[in-house]
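Thanks for coming, everyone. I have one structure to walk through today. Please take a look at it before I start.

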Amino acid sequence: RADVGGGGGGGVTAAQIVLAGVAAGILFYLLSGLGALARGVGPTTYNGNGGDGGALLAAGVSDLAAQLKSLADAQHRGFADLNTQLRELRGGDGAGGASVTSLAGGSGAGGATAKVVSLGIVGRQPGIHVVVTSNGNRYMNWQTRVLYANYRRAASASPALRGFTRVLHRTSDDELMQEVPTRRFAPLQPDCDVWCQYPVADRSQALLEWLSTPDSKQFEHIMIIETAGNGG
């Protein structure tokens, strides 16, 4: 998950960015049309360009509909290209090609078999490394305890889950250091240890620093997840 910052309930997704752009476009055209109507006295009053406000509003809505269709077509093409790349990744078997490797032993009727794509990265083992960030406040630590317990339960059933690391951005060790696999990094905003407006302000920097450590280079896949806490 490519997470664009975010405190509390999560980061900004690509879908949210697209929806924000669409909403801005709708607002622009509606205001343009309403402005044209406001300049006239009535529905039959013509403005200086020789057209009435209602016609301008209708033209704006029509233009917006065309843009929305174009956006939807582009999105469809993007998903199609992504699916093609995923099929090629799963099916590659030449030099350096990726192959699908089964990492779980589920078998029999209804048995689930976890699979991950082996990327063939030299020095890394096939598998998934789960990473969560935290500033060590009580609420996030409570959630991290629950999260790690569920991870261990899932990992016991699926060897595809190979590693877990809590990336802690805090000035000092906290109560979970000996309970949850943790790598601590010095924060750029030390006041967030106690309380600050944006508790996850150091998340990106801490992740960047963690990515330069040997711990981050054990397995081919990294899954970055997060707690939903935003309190101090």
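I will go from the overall layout to the aromatic pairs, then one asparagine, then the salt bridges.

A word on the source. This is a predicted model: local features need pLDDT of at least 70, side-chain atom pairs count only at pLDDT 80 or more, and totals for chains, interfaces and linings use all residues. Residues are numbered from 1 along each chain as its sequence is written, and side-chain values use heavy atoms, with hydrogens and water left out.

Layout first. The protein has four helices and six strands. Helices (H or I, at least four residues) and strands (E, at least two) are DSSP runs, numbered from the N terminus. Along the sequence the pattern reads α-α-β-β-β-α-β-β-α-β.

Now burial. Of the 232 residues in the protein, 31% are buried. Buried means under 20% relative accessible area, exposed means over 50%, and partly exposed is in between (1.4 Å probe, protein chains only). The protein exposes about 13900 Å², and carbon and sulfur atoms supply 59% of that. Those areas come from the Shrake-Rupley method with a 1.4 Å probe; for residues, only the protein chains shown count as cover.

Contacts next. Take those between residues at least 6 apart in sequence: 60% of them join residues at least 24 apart. Contact here means heavy atoms within 4.5 Å.

On to the aromatics. Rings of Phe, Tyr and Trp (its six-membered ring) pair if their centres lie within 6.5 Å; planes under 30 degrees apart count as stacked, over 60 as edge-to-face, and the rest as tilted. By that rule there are four aromatic pairs. Tyr139 and Trp142 are stacked, because their ring centres are 6.3 Å apart and their planes are at 10°. Both sit in helix H3, residues 138–157. They are three residues apart, about one turn of the helix. Is Trp142 buried or exposed? Trp142 is exposed, at 53% relative accessible area. Tyr139 is partly exposed, at 42%.

Tyr148 is buried at 15% relative accessibility, and Tyr151 is buried at 12%. Ring pairs link Tyr148, Tyr151 and Phe164 into a cluster.

Back to Tyr139 and Trp142. Together with Val146 they make a nonpolar surface patch of about 330 Å². Patches are made of residues with over 30% relative accessible area and no salt bridge; like charges are joined within 9 Å, nonpolar side chains (Val, Leu, Ile, Met, Phe, Trp, Tyr) within 5 Å.

Now the asparagine. Asn141 is found in helix H3. Asn141 is buried, at 1% relative accessible area. Which residues does Asn141 contact, leaving aside its neighbours within four places in sequence? They are Ser134, Gly136, Arg166, Asp174, Glu175 and Leu176. With Arg166, the side chains make a polar contact of 3.4 Å. A polar contact is a pair of N or O atoms within 3.5 Å; within protein, one must be able to donate a hydrogen and the other to accept it, and residues adjacent in sequence count only if both atoms are side-chain atoms.

Last topic: charges. Side chains of opposite charge can pair when their charged atoms come close. How many salt bridges does the structure hold? The structure holds five. A salt bridge is a side-chain nitrogen of Lys or Arg within 4 Å of a carboxyl oxygen of Asp or Glu.

Glu179 bridges to Arg145, with the closest N and O atoms 3.0 Å apart. That pair links distant parts of the chain: Glu179 is in the loop between strand E4 (161–169) and strand E5 (182–185), and Arg145 is in helix H3, 34 residues apart. Both ends are partly exposed: Glu179 at 40%, Arg145 at 33%.

Next, Asp173 and Arg184 meet at 2.8 Å, N to O. Asp173 is in the loop between E4 and E5, Arg184 is in strand E5, and they are eleven residues apart. Arg184 is partly exposed, at 36%.

Finally, Glu226 and Arg203 meet at 3.7 Å, N to O. Glu226 lies in the segment after strand E6 (219–225) and Arg203 in helix H4 (residues 203–210), so the pair ties together parts 23 residues apart in sequence. Arg203 is buried, at 6% relative accessibility.

That is the tour. Questions, please.
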